[in-house]
Amino acid sequence: GIKVLHGPNKTLYLPGEEFSSDGLLVCLEFSDNTTSTITDYNLICESLDTVGLKKVTINCLGFSQQFTVEVAIRKEGSLSEEILWDLDLLTGQLVISGVGSIPTTANGEFLPYRQFVTSLVIEEGISSILPYAFSNLTNLKKVILSESVLVIDRFAFGYCTALTQITLPENLTSIGERAFYGCTNLKQINI
């Protein structure tokens with residue numbers, strides 16, 4: 001049969017994008033458990049014009065294998081019981097809402113979608129941004145923090161290399177060491 005050794009690099013699409021097989025590694029698996037990598041196969045992908053999970057079928061020598069990719073315009077989740085995130089994949093705006101501190105683990109939540117994040121809005125109720133929460137969001141250009149944010153901890157925005165502007169709240173009491181380390185394009189800080 002056919003076996004997918006490595007799925008495609010890209011598994012999340014915006015409506016209308018074309019499927020990319022970059023990174024896809026397929027092999028034939030024989031009855032003696034040996035395998036042979038193949039590149040001569042036929043791919044059939046359901047239309048990526050509408051939101052949802054879409055089937056991709058690989059056909060070769062009478063065998064077939066399927067996997068899915070996702071078409072979405074919005075992703076959302078929670079960082080804790082009190083804090084939610086909502087990412088509009090079309091505009092690139094990530095909104096954080098709720099009450100309390102944005103945890104260090106926030107970055108792991110966004111990892112699959114980080115290439116989409118171009119702006120960040122922290123809504124009223126969030127009091128602090130813990131270390132590394134938004135580090136390495138390399139396409140993030142603009143950050144707006146609500147007046148309730150009192151603390152930006154160390155490396156909170158570290159290596160956000162596209163960041164050009166941030167609006168800091170007047171009530172901010174602490175900015176941690178290297179909170180903006182590696183933000184080589186940061187040109188404007190508004191208070």
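**Notebook: surface, core and ion pairs**

Entry 1. The model is a predicted one, in which local features need pLDDT of at least 70 and side-chain atom pairs count only at pLDDT 80 or more, while totals for chains, interfaces and linings use all residues. Residues are numbered from 1 along each chain as its sequence is written, and side-chain values use heavy atoms, with hydrogens and water left out.

I placed Ile73 in the loop that runs between β7 (63-71) and β8 (74-78). Helices (H or I, at least four residues) and strands (E, at least two) are DSSP runs, numbered from the N terminus. Together with Val51 and Leu90, Ile73 makes up a nonpolar surface patch, and the three share about 270 Å² of accessible area. Areas are from the Shrake-Rupley method with a 1.4 Å probe, and for residues only the protein chains shown count as cover. Patch members have over 30% relative accessible area and no salt bridge; like charges are joined within 9 Å, and nonpolar side chains (Val, Leu, Ile, Met, Phe, Trp, Tyr) within 5 Å.

**Entry 2. The chain as a whole.** I recorded one helix and 18 strands. The radius of gyration is 21 Å, well over the 16 Å from the globule rule for 191 residues, so the chain is more spread out than a compact globule. That radius is taken over C-alpha atoms, and the rule is 2.2 Å times the number of residues to the power 0.38. Along the principal axes, the C-alpha atoms fill a box of roughly 65 × 35 × 30 Å.

Of the 191 residues, 39% count as buried. The chain exposes about 10200 Å², and 49% of this area is supplied by carbon and sulfur atoms. I also noted the contacts (heavy atoms within 4.5 Å): among those with a separation of 6 or more, 38% join residues 24 or more positions apart.

**Entry 3. Nonpolar cores.** What is the largest nonpolar core built from? I found 38 residues in this core, and those with the most contacts inside it are Ile96, Ile102, Ile129, Phe134, Ile152 and Phe157. The elements that give two or more residues to this core are β9 (83-88), β10 (93-98), α1 (106-110), β12 (119-122), β13 (126-129) and β14 (142-145). Strand β9 supplies the largest share, three residues. A core here is a set of buried Ala, Val, Leu, Ile, Met, Phe, Trp, Tyr and Cys residues joined through side-chain atoms within 4.5 Å.

I then took up Phe157. Leaving aside neighbours within four places in sequence, its contacts include Leu120, Ile129, Phe134, Ile152, Phe180 and Cys183.

**Entry 4. Loop residues.** Pro131 lies in the loop between β13 and β14 and is buried, at a relative accessible area of 9%. Neighbours within four places aside, Pro131 is in contact with Thr104, Asp153 and Arg154. Tyr132 is in the loop between β13 and β14 too, but is partly exposed at 36% relative accessibility. I noted that phi of Tyr132 is near 65°, a positive value in a residue other than glycine.

Phe155 also has positive phi without being glycine, near 55°. I located Phe155 in the loop between β15 (151-152) and β16 (165-167). At 15% relative accessibility, Phe155 counts as buried.

**Entry 5. Salt bridges.** How many salt bridges does a search of the whole structure find? I recorded four, the criterion being a side-chain nitrogen of Lys or Arg within 4 Å of a carboxyl oxygen of Asp or Glu. I looked up the following pairs.

- Glu17 bridges to Lys10 at 3.0 Å, N to O; Glu17 is partly exposed at 28%, and Lys10 is partly exposed at 28%.
- Glu70 bridges to Lys75 at 3.0 Å, N to O; Glu70 is partly exposed at 25%, whereas Lys75 counts as buried at 14%.
- Arg74 bridges to Asp86 at 2.7 Å, N to O. The pair links distant parts of the chain, Arg74 being in strand β8 and Asp86 in strand β9, 12 residues apart. Arg74 is partly exposed at 41%, and Asp86 is partly exposed at 23%.

Methods. Buried < 20%, exposed > 50% of the residue type's maximum accessible area, 1.4 Å probe, protein only.
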